Amino acid sequence: MRSSRSWFPVLGWCAATLTSVALASVAMLPVLRTATADEGTLVSVDQLRDSGELTPRPIPAPIVTTKPPKSSSHASPSSSKSRSKSPSRSTPTSEAPATTKPTTKAPTTTTEDGWTVTTDEDGVRTYVRSFRVEGGQTVIRASDGVIKLVTATPADGYSVATVQNTADNLAVYFNETNHSFIVHVVWQADKPFAQVDEVGS
């Protein structure tokens, strides 16, 4: 059986705990009084209704938000105008230095043996000549070993025919019955050579 001395520590601890609880309650009493609502300040529901503070407020209508239409590939004129009005930043471009074009030699025209000779900037010479005979008129052009018929117009009562076996040999015939005029052009020594003959009577 335990002695009475063994209970002294337990009784001392209980007394200290009760004392601290009592002191804490006394210290918190003013705070608890201020936190409790005063009976004189309480207002009933009837008093709120009579004063008009309990009148029902209108319920606001719900706000409906619509999504903007999807942008199509065809922009409206107004949007295109607004886009065109927006200033665009132009990136500075470095200008290339102006290059001087080489001077080209203008074609020259001369006359040789009845041929009108035109020399271009590359030195190529073109020969053109018109031949008029009793049977008609023809224009022939020759250049760089190639002879070409430009026009051939027979006179009244005549017909025209051409014979060209090679590029450098051309003959133009103005024919009537038993009578012909022949304009014959060949390329020789880097230039055309022409001969006009009459056959028959």
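Start by selecting R125 and E112: they form a salt bridge, with the closest N and O atoms 2.3 Å apart. (A salt bridge here is a side-chain nitrogen of Lys or Arg within 4 Å of a carboxyl oxygen of Asp or Glu.) The pair links distant parts of the chain, 13 residues apart: R125 sits in strand β3 (residues 125–133) and E112 in strand β1 (residues 108–112).

A quick word on what you're looking at: this is a predicted model, where local features need pLDDT of at least 70, side-chain atom pairs count only at pLDDT 80 or more, and totals for chains, interfaces and linings use all residues. Residues are numbered from 1 along each chain as its sequence is written, and side-chain values use heavy atoms, leaving out hydrogens and water.

Next, pick K191 and D113. That's a salt bridge too, with the closest N and O atoms 4.0 Å apart. K191 lies in strand β9 (residues 191–200), while D113 is in the loop between β1 and β2 (115–119), 78 residues away. Is D113 buried or exposed? It's exposed, with a relative accessible area of 61%, whereas K191 is partly exposed at 37%. (Buried means under 20% relative accessible area, exposed over 50%, partly exposed in between, with a 1.4 Å probe and protein chains only.)

Now zoom out and color by secondary structure. You'll find 3 helices and 9 strands, the helices being DSSP runs of H or I with at least four residues and the strands runs of E with at least two, numbered from the N terminus. Finally, show the whole chain: of its 201 residues, 15% count as buried.
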